[in-house]
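Here are my notes on the fold and its side-chain contacts. Please read them with the coordinates open.

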Amino acid sequence: FGLEGLLETKAALDLAGVQYFGADDPTVDVAVGGSLLTFISYNEFAHEDNHSVHQTIQTARKSGRIHIVFAHSGEEYAPTPEKTKELARSFVDAGA
């Protein structure tokens, strides 16, 4: 758990040759069938700034990459709060 668990997980993924993103690696670019995909992380619980996510979306879009936002937000097994819906809409409005 915590930082130790994060570091162990990243080390295991590195050893296995698996790409990852999130935590201190907010994006990863992956080539798939001749297309470049950019996976963009947003984690509400890490107090990430959604403005930086908006900028990353716009940068990826301008470069012609296909960009996909993975948002870690909200409470499991509960109705989606309005603020979470607004956040998701802001990512779409930014170009996701």
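Predicted model: local features only at pLDDT ≥ 70, side-chain atom pairs only at ≥ 80, totals over all residues.

The points below go from the sheet to the core, then to the charged and aromatic pairs.

1. Residue numbers start from 1 along each chain.

2. The sheet. Three strands form an open sheet in the order β1-β2-β3, and the pairing is mixed. Both β1 and β3 are edge strands with a single partner strand each, so one side of each has no neighbour in the sheet. On average, neighbouring strands are turned by 25° against each other, direction ignored.

3. The β1 and β2 pairing. These two strands run antiparallel and are joined by 6 bridges.

4. The core. Which residues make up the largest nonpolar core? There are 7 residues in all: Ile40, Tyr42, Val53, Ile57, Leu87, Phe91 and Ala94.

5. Salt bridge at Asp25. The structure holds 4 salt bridges. One of them joins Asp25 to Lys10, with the closest N and O atoms 3.1 Å apart. Asp25 lies in the loop between α1 (2-16) and β1 (27-32), while Lys10 belongs to helix α1, so the pair ties together parts 15 residues apart in sequence. Asp25 is partly exposed at 25% relative accessibility. Lys10 has a relative accessible area of 14% and counts as buried, because the cut-off for that class is under 20%.

6. Salt bridge at Asp29. Here the partner is Arg65, and the closest N and O atoms are 3.2 Å apart. The pair links distant parts of the chain. Asp29 is in strand β1, Arg65 is in the loop between α2 and β3 (66-72), and 36 residues separate them. Is Arg65 buried or exposed? At 18% relative accessibility, Arg65 counts as buried. Asp29 is partly exposed, at 35%.

7. Asp93 and Arg89 meet through their side chains at 3.9 Å, N to O. Both residues lie in helix α3, 4 residues apart, or about one turn of the helix. Asp93 is exposed, with a relative accessible area of 60%.

8. Phe39 and Phe70 form a tilted one, at 5.8 Å centre to centre and 45° between the planes. This pair links strand β2, which holds Phe39, with strand β3, which holds Phe70, across 31 residues. Phe39 is buried at 17% relative accessibility, whereas Phe70 is partly exposed at 45%.

9. Aromatic pair between strand and helix. What is the geometry of the pair formed by Tyr42 and Phe91? The rings are edge-to-face, 5.5 Å centre to centre, with 65° between the planes. Tyr42 is in strand β2 and Phe91 in helix α3, 49 residues apart. Both Tyr42 and Phe91 are buried. Both also belong to the largest nonpolar core.

10. Ring cluster. Ring pairs link Phe21, Phe39 and Phe70 into a cluster. Two of its members, Phe39 and Phe70, are the tilted pair of point 8.

How values were computed. Heavy atoms only, no water. Core = buried A, V, L, I, M, F, W, Y, C linked by side-chain atoms within 4.5 Å. Buried < 20%, exposed > 50% of the residue type's maximum accessible area, 1.4 Å probe, protein only. Phe/Tyr/Trp six-rings, centres within 6.5 Å; stacked < 30°, edge-to-face > 60°. Pairing = 2+ DSSP bridges. Axes fitted to C-alpha atoms, helices over the stretch in contact; angles between N-to-C directions.
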